[in-house]
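Work through the exercises below with the structure open beside you. Try each task before you read its solution.

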2 protein chains.
Amino acid sequence: MDPFLAAAIEEAKLGLAEGGIPIGSVVVIDGKIVGRGHNRRVQQGSAVLHAEMDALENAGRLTGADYQRATLYSTLSPCDMCSGASLLYKIPRIIVGENRTFQGPEAYVRSRGVDLQIVDDPECVRLMEEFIAARPELWNEDIGV
Amino acid sequence: MDPFLAAAIEEAKLGLAEGGIPIGSVVVIDGKIVGRGHNRRVQQGSAVLHAEMDALENAGRLTGADYQRATLYSTLSPCDMCSGASLLYKIPRIIVGENRTFQGPEAYVRSRGVDLQIVDDPECVRLMEEFIAARPELWNEDIGV
């Protein structure tokens, strides 16, 4: 497996172990992880720290030139907010663990020139399927339903 | 002036007084401000806390039904990230102080059914024009340039 997707899955599992929503993300620049994160809705009472936002926040303040060499990994298809954050910073490549349990605005993101790839990883699917079955109200809150 | 836009401008000025980027935002539900915020890039070293994100974060965890009655005010046209956050939560109305100094994806946001209105307020324009002239590198960082 891609070691960066594996790191995002580790983050998702860490979030689950904390009682949170099991979605993880890493930001990679020049072959190195510069930021890692997971969904913090439960842990921090956060409405904005989806996994990708948490990873971007943990990467710290970067320049446009940094972001333009970055790849964003997420275990789940990025939602409108997280896709928008990638577009803001002109991150050229997004690697998505799975998009069976949720689909963000993938066609729009691609129309803006982003190389968005779906891995369809069974472990990412399993993490979300089990979580959505166990905590549907929390999942709905996370996606504004 | 709309008191909610005035509150967003107060937030922008608070940010400026802290040494930050002068953009402010409030979230309004049922005629009351439920969250207010301003850009925290400088103050918190944050890559994700644009004014709108800060206001949404400070509003706390809300339900989809709450967001679907909300109006998001911002002194400046929301960028891809902040527009995406509004789309995630299906916020139906966005009131924008000005879009002369920066334009987010307004047409796309409207195409998703959002009532996005531009006030073209001179004080909002002045705050940004003066800031961009004084700190162009900081402004470029904030929009990923």
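In helix α3 of chain B, the buried residues are B:A51, B:E52, B:M53, B:D54, B:A55, B:L56, B:E57 and B:A59. Buried means under 20% relative accessible area, exposed over 50%, and partly exposed in between (1.4 Å probe, protein chains only). Helices (H or I, at least four residues) and strands (E, at least two) are DSSP runs, numbered from the N terminus.

This is a predicted model: local features need pLDDT of at least 70, side-chain atom pairs count only at pLDDT 80 or more, and totals for chains, interfaces and linings use all residues. Residues are numbered from 1 along each chain as its sequence is written, chains are lettered from A and ligands numbered from 1 in the order in which they are written, and side-chain values use heavy atoms, with hydrogens and water left out.

**Exercise 1. The helix α3(B)**

Task: Say why α3(B) counts as largely enclosed, and find what comes just after it.

Solution. 
Step 1. Eight of the nine residues of α3(B) are buried, so the rest of the structure largely encloses this helix.

**Exercise 2. A serine in a loop**

Task: Locate B:S46. Is B:S46 buried or exposed? Which residues does B:S46 contact?

Solution. 
Step 1. B:S46 sits in the loop between α2 and α3 of chain B.
Step 2. Its relative accessibility is 1%, so B:S46 is buried.
Step 3. Contact means heavy atoms within 4.5 Å. Set aside the neighbours within four places in sequence; B:S46 then contacts A:E57, A:R61, B:R40 and B:R41.
Step 4. Look at the side chains of B:S46 and A:E57. A polar contact of 2.6 Å joins them. Such a contact is a pair of N or O atoms within 3.5 Å; within protein, one must be able to donate a hydrogen and the other to accept it, and residues adjacent in sequence count only if both atoms are side-chain atoms.

**Exercise 3. The interface**

Task: Describe how chain B meets chain A.

Solution. 
Step 1. Count residues. 35 residues of chain B are in contact with 35 residues of chain A.
Step 2. Take the area. The two chains bury about 2,800 Å² between them, 55% of it on carbon and sulfur atoms. Buried area is the accessible area (1.4 Å probe) that two parts lose on being put together, summed over both.
Step 3. Find the main contributors. B:R61, B:D80 and B:L88 supply 24% of the area that chain B buries against chain A, more than any other three residues.
Step 4. Count charged pairs. There are four salt bridges between chain B and chain A. A salt bridge is a side-chain nitrogen of Lys or Arg within 4 Å of a carboxyl oxygen of Asp or Glu. B:D80 forms one with A:R112, with the closest N and O atoms 2.9 Å apart.
Step 5. Count polar contacts. The interface has 18 residue pairs of this kind, both residues at pLDDT 80 or more.
Step 6. Name the helices. α2 (41-44), α3 (51-59), α4 (64-67), α5 (80-88) and α8 (136-142) of chain B each supply at least two residues of the side that touches chain A. α5(B) gives the most, with six residues.

**Exercise 4. Salt bridges inside a chain**

Task: Compare where the partners lie in the pairs A:D54 with A:R40 and B:D115 with B:R93.

Solution. 
Step 1. A:D54 and A:R40 form a salt bridge, their closest N and O atoms 2.8 Å apart. A:D54 is in helix α3 of chain A and A:R40 in the loop between β2 and α2, 14 residues apart.
Step 2. Check burial. A:D54 is buried at 3% relative accessibility. A:R40 is buried at 16%.
Step 3. B:D115 and B:R93 meet at 3.7 Å, N to O. B:D115 is in strand β5 of chain B and B:R93 in strand β4, 22 residues apart.
Step 4. B:D115 is partly exposed at 33%, and B:R93 is partly exposed at 32%.

**Exercise 5. Chain A as a whole**

Task: How many helices and strands does chain A have, and what share of its residues is buried?

Solution. 
Step 1. Chain A has eight helices and five strands.
Step 2. Buried residues make up 61% of its 145 residues.
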